[in-house]
Amino acid sequence: MEGVRQGGGPPAGGPGSGSGSASGSFPSLFPPGLHGIYGECRRLYPDQPNPLQVTAILKYWLGGPDPLDYVSMYRNLGNPALNVPEHWHYVSFGLSDLYGDNRVHEFTGTDGPSGFGFELTFRLKRETGESAPPTWPAELMQGLARYVFQSENTFCSGDHVSWHSPLDNSESRIQHMLLTEDPQMQPVQTPFGVVTFLQIVGVCTEELHAAQQWNGQGILELLRTVPVAGGPWLITDMRRGETIFEIDPHLQQERVDKGIETDGSNLSGVSAKCAWDDLSRPPEDDEDSRSICIGTQPRRLSGKDTEQIRETLRRGLEINSKPVLPPINAQRQNGLNHDRAPSRKDSLESESSAAIIPHELIRTRQLESVHLKFNQESGALIPLCLRGRLLHGRHFTYKSITGDTAITFVSTGVEGAFATEEHPYAAHGPWLQILLTEEFVERMLEDLEDLNSPEEFKLPKEYSWPEKKLKVSILPDAVFDNPLH
């Protein structure tokens, strides 16, 4: 439950807080982390010391459902010289550590990130005659924040978010999001660490697909060149009725298609509806088989496996400088926070000695035959995985959102994988790795060509390569939502 109130300087969030003056006459009452973010807002909007705010009625640290304590809403006059229209500017408070007393985030010092290390912003074009900012972007930001807190997957510039619904619940074509650095807000050093500002950019389905096939940064650059699609400050216009490719058809062929061919895709992993079965052994051999568990508690990924997969998903659309699987990070913080910036190394076990590696991590099972299962949306990304990632010497991970399962496809050029050319199917607990040669990838792309035409698709659909002992099924969502079906 949220409420809208007139802001009074940075809210104290506790008993005895006052409205505060424009100069901040009660700074001792203001949580230091919040005060630092508010100072950056005051730098941009010195004439708006008391912005409208959407505030969580029951704070997250008191058991409420909304992780963001506040979302401030400012009126930005834009920049006519740069063809930047007037718009509403939204800023979140809560993904970073506002309080420094471990009520939400564990305090780990001033040198690293504060909390998750970032806050969200959003720029919405102001409609003619609009006197107050719409409040729906605040709920959108709360939804993204809930995802971050629940999954511990942080966002990076260039990441995309598949939303599959108009952001404002209208009939708009703007149904997905990309993330980028806010063009005006600078990183802030607070007593609890550094806070950066990631801006949400609303995009159409076709633009999201282009970002998946190529990379988010490339599509963001194209949006900046088209004023009605965002312009230099990437302002979201919910009334935009055309994609950038409809506005300028040359962008698809001359920029996106060429970029895909040259660069491949920088999308290294997705959360998905997926599962896998080990067909090498009979189903009753539970110790060495893996399927959707019914009525039993599934074996869990080890902490190290989880950290490596999370890092793959966390990096999202970031450019990978080397075709190396992200390293496992041995340390996890208590509560909702975790280490989000491990360094890259060239070996799966490069950070740890065998003495602290769990037994299930040491034990790698080589499988002779596997059956992969995806829902239609996840299956549609298989050609991207093969063409945009593996043919460019990279890897791609599916992490199940309905169970503790992961599937990573790797090419022969990826270091740190436990699947090899001799044993192309290998597993650590419920994490499966599949190594595919370039020759086999080319063949699979031919056989899976109809995945590029989902409108002609009838479920269930099965693909099989008997000599490779590999089977792929595309199944209805209900199979993953309810394993009894």
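This is a predicted model: local features need pLDDT of at least 70, side-chain atom pairs count only at pLDDT 80 or more; totals for chains, interfaces and linings use all residues.
Trainee: How many salt bridges does the structure hold?

Mentor: A salt bridge pairs a side-chain nitrogen of Lys or Arg with a carboxyl oxygen of Asp or Glu within 4 Å. The structure holds 20 of them. One of these joins Arg 126 to Glu 86, with the closest N and O atoms 3.6 Å apart. Arg 126 sits in the loop between β5 and α2 and Glu 86 in the loop between β3 and β4, so the pair ties together parts that are 40 residues apart in sequence.

Trainee: Is Arg 126 buried or exposed?

Mentor: Buried means under 20% relative accessible area. Arg 126 has 19%, so Arg 126 is buried. Glu 86, at 23%, is partly exposed.

Trainee: Which residues are linked in a network of salt bridges?

Mentor: Asp 66, Glu 139 and Arg 146 are linked in this way. Between Arg 146 and Glu 139, the closest N and O atoms are 2.6 Å apart.

Trainee: Where do negative charges gather in a patch?

Mentor: On the surface, where Glu 438, Glu 442, Glu 446 and Glu 449 form the patch. Glu 449 lies in the loop between α11 and β18 and counts as exposed because its relative accessibility is 54%.

How values were computed. Residues are numbered from 1 along each chain as its sequence is written. Side-chain values use heavy atoms; hydrogens and water are left out. Patches are made of residues with over 30% relative accessible area and no salt bridge: like charges are joined within 9 Å, nonpolar side chains (Val, Leu, Ile, Met, Phe, Trp, Tyr) within 5 Å. Accessible areas come from the Shrake-Rupley method with a 1.4 Å probe; for residues, only the protein chains shown count as cover. Lys and Arg count as positive and Asp and Glu as negative; His and the chain ends are not counted. The place of a charge is taken as NZ of Lys, CZ of Arg, CG of Asp or CD of Glu. Helices (H or I, at least four residues) and strands (E, at least two) are DSSP runs, numbered from the N terminus. Buried means under 20% relative accessible area, exposed over 50%, partly exposed in between (1.4 Å probe, protein chains only).
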